[in-house]
Amino acid sequence: MSPTNVVARWRLRKAASKVQVSGSGRLPYAQAVWEMYLISYKSIGYNLANMEALLADQDTWTVFLGDGGTPIAFAAYKTTPYGLKGVATGTDGSAEGKGVIKSYKRSAYHQPGYYAEVSHAMEHITSGSPKVCAKDAQKVLNKPIIPSEDGYHYHRNIAGVGNVEKIMVGRPKGVAVDQVCGNESRVAAETNLTKAASEAKARLAAEDKEGAAELEEHMANQLPFLTDP
């Protein structure tokens with residue numbers, strides 16, 4: 001584990017306690033989690049209509065508790081064949097809640113079987129996590145996507161939100177991570193081709209210069225014969 005992740009987990013333990021709940025164990029926290037969801041997704045759009053949809057869609061929650069056991073942040077997951085996919089994440093808007101979730105997310109997706117699609121602020125927070133190539137992300141999602149030029153990001157339509165650019169981070173089961181993606185290979189090939197073309201052009205220019213010098217010397221040698229009466 002990297003020093004960054006060690007520090008993140010130390011801060012997490014110092015800041016708040018947490019519980020992981022599933023099934024009916026989520027019910028005591030459902031209202032608080034739903035309210036945090038509404039706070040956190042107000043600026044980017046909602047894709048869940050109500051609390052019942054959250055309960056139906058995301059079956060495992062990690063809930064962070066502040067003083068007095070009050071929920072201050074949460075991370076909700078959906079169980080898939082590839083592990084636990086992080087879906088909704090939110091806070092109560094407090095500095096403590098935001099600090100806790102940032103520390104948690106920086107380390108969460110280094111765990112085998114944990115992964116997520118991220119964008120906006122969450123992409124920045126998880127920037128140190130393993131990355132999944134877009135072509136592999138499409139297999140994991142089993143949904144149509146449009147890969148971006150870098151080979152990692154992609155666009156897809158999300159109900160209630162629209163067309164968004166995402167990147168998959170984490171370690172989905174059975175999927176290679178931190179690979180050189182297809183588009184990156186293409187860019188590298190194009191760079192090598194451009195370099196080879198420049199080198200060939202330089203060689204031709206040198207050959208042309210050498211040929212011009214030989215011609216000039218030949219003409220100079222012939223000049224007396226051309227100018228004699």
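## Contacts along the chain

Of the contacts (heavy atoms within 4.5 Å) in the chain between residues at least 6 apart in sequence, 59% link residues at least 24 apart. This is a predicted model, in which local features need pLDDT of at least 70 and side-chain atom pairs count only at pLDDT 80 or more, while totals for chains, interfaces and linings use all residues. Residues are numbered from 1 along each chain as its sequence is written, and side-chain values use heavy atoms, with hydrogens and water left out.

## Make-up and confidence

The chain has 7 helices and 9 strands, which are DSSP runs numbered from the N terminus (helices H or I, at least four residues; strands E, at least two). Of its 229 residues, 38% are buried, that is, under 20% relative accessible area with a 1.4 Å probe, counting protein chains only.

The mean pLDDT, the predictor's confidence in each residue from 0 to 100, is 84 for the chain, and 76% of the residues reach 70 or more. Where pLDDT is low, the predicted coordinates should not be read in detail.

## The surroundings of Thr60

Thr60 lies in strand 2, which covers residues 60-65, and is buried, with a relative accessible area of 11%. Leaving aside neighbours within four places in sequence, Thr60 is in contact with Gln20, Val21, Ser22, Ala75, Ala76, Tyr77, Thr79 and Leu84.

How values were computed: Buried < 20%, exposed > 50% of the residue type's maximum accessible area, 1.4 Å probe, protein only.
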